[in-house]
Amino acid sequence: MKLAAAIMVLAVVCVNRGLSRSKSASILGQEAYPLLLSFVKAGGRLGLQECQRQFKNDIWNCTLDKHVIKELPIFVKTTLPYGLTCSDYFTAATRETAFIHAISSAAITHEITQQCKKGKIPGCTCAVIKKPKRASDDWTWGGCSDNVKFGERETKRFIDKLEKGNDARTAFNLHNNEVGRKVVRANLRRECKCHGLSGSCTLKSCWKQLGAFENVGSDLKKIYGAAARVKFVENKLQERITRDLRRAVSAKDKKLVYLDSSPNYCVRNSTVGSPGMLGRICRGDEVSTDKCKSLCNACGLRHQTIQEVKTIKCKCKFVWCCSVQCDECTSKFSVTTCKRY
C-alpha cells in the first residue's frame, strides 16, 4: 500500500476522533462533519500526490512498503509509519515525517480554501483585505479574495486539535503543520482585472488568489533541504546555533524541524516502510539519465540503462473549425534500473 492510501484511511480515523470530541462551531455545527471530512480527505490525497511528485526521483520517494500497514496498529493507535500522526509515538520524528506533516497540512488548507472560493462551504465568504495600498498605486482592492484564513482555521481544527500533551513529539507535529500552512499563505498572489472604455484599463480591481499547489510543494521541498535538527528543552523546540548557544525555533521562520536522524532509505526496511533502492526504476524522459545513475551509485548499487521507444503526438496543427490534428512519432528514452554489483 502506498502512503497516499494510508493517509486516506488515517484522515478518516483521525477526523472521526477529532470531530466526535468537538462540534464544528465555525459553519454548520455537527452538519459540517461530512462536508468538511470530504475536503480533508481530498486535501490528504493532494498532499501525498504532491509529495510523491516532488520526491519521485530521490532516494526517499514518499512511498511505504505495503507490509508496514499490515504489521503496525496504525488505525487503532492512530500511527502512520514515517507519516502523518494523530498522537502516538511509534514513528520517528525525522525530516521526512516533518515534510509529510507540512505538505498534508498545506494541502488540506489549500483544498478547503479552494472549496470555499467555489461556494461549496456555507458560511465561508470572500476574505477581507485590510492591507492598504499605496497612494501611487493605479489599482484598488476588489473582487473576491481567497479566504485562506478560513482554510487555516479549519485545518487547525481538524489536524492540530488531535495533538495532546506538552512534549517533544506534539511540539514537532504542531510546528511542521504550521509551517505548511504558512507556505500556502506565502503563495497568495495578487490578481487584477482592468476596467475602462475599450479596455483602456483606467482602473484595475485586484484580489488575492492562491497559487498553484505545485508551487507550494516546490517551496516546501526547498525548506525540507534546509530542515533543522532540534531538541525539546524547557518546553520549546530549540535549534543549536553554536556549541554553547541554542535558540527557540518559531513557525514564523518557515523552517521544518526534526528530532531524529533518518534511516538509510537505500536499504529495504519493513519496520520503517522503506522499499530500498534495489530494483528501483528511473525513466530518462522524466529526469536526466545522469541523475538516474547517481541515485543507484549513491546507494552502492550499479546501474543498468537500456533504451526504450514510445509513441508521442507530434507536428500538431489547428484545423478549421475546430480541432487539432497530430501525427504520431516515436521517441527514444532511457530506463535505468538499480542492480547489485
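Which residue in β3 is the bridge partner of Arg-189? In β3 that partner is Gln-209, in a predicted model whose local features need pLDDT of at least 70, whose side-chain atom pairs count only at pLDDT 80 or more, and whose totals for chains, interfaces and linings use all residues. Residues are numbered from 1 along each chain as its sequence is written, and side-chain values use heavy atoms, with hydrogens and water left out.

**The sheet**

- Three strands make an open sheet of mixed pairing in the order β1-β3-β2, where strands are DSSP runs of E with at least two residues, numbered from the N terminus, and two strands pair if DSSP finds at least two bridges between them.
- The edge strands, each pairing on one side only, are β1 (139–141) and β2 (189–195), and the twist from one strand to the next averages 35 degrees.
- β2 and β3 (residues 203–209) run antiparallel and are joined by seven bridges.

**The helix pair**

- Helix α6 (residues 168–186) packs against helix α7 (residues 213–225) at an angle of about 130 degrees, with the axes 10 Å apart; axes are lines fitted to C-alpha atoms over the stretch in contact, and angles run from 0 to 180 degrees between N-to-C directions.
- That angle makes α6 oblique to α7, since angles under 35 degrees count as roughly parallel, over 145 as roughly antiparallel, 65 to 115 as roughly perpendicular and the rest as oblique.
- In the contact (heavy atoms within 4.5 Å), Val-179, Gly-180, Val-183 and Val-184 of α6 meet Val-216, Asp-219, Leu-220 and Ile-223 of α7.
- The residues of this contact of α6 with α7 comprise six nonpolar, one polar and one charged, with Gly counted among the polar and Asp among the charged.

Key. Helices (H or I, at least four residues) and strands (E, at least two) are DSSP runs, numbered from the N terminus.
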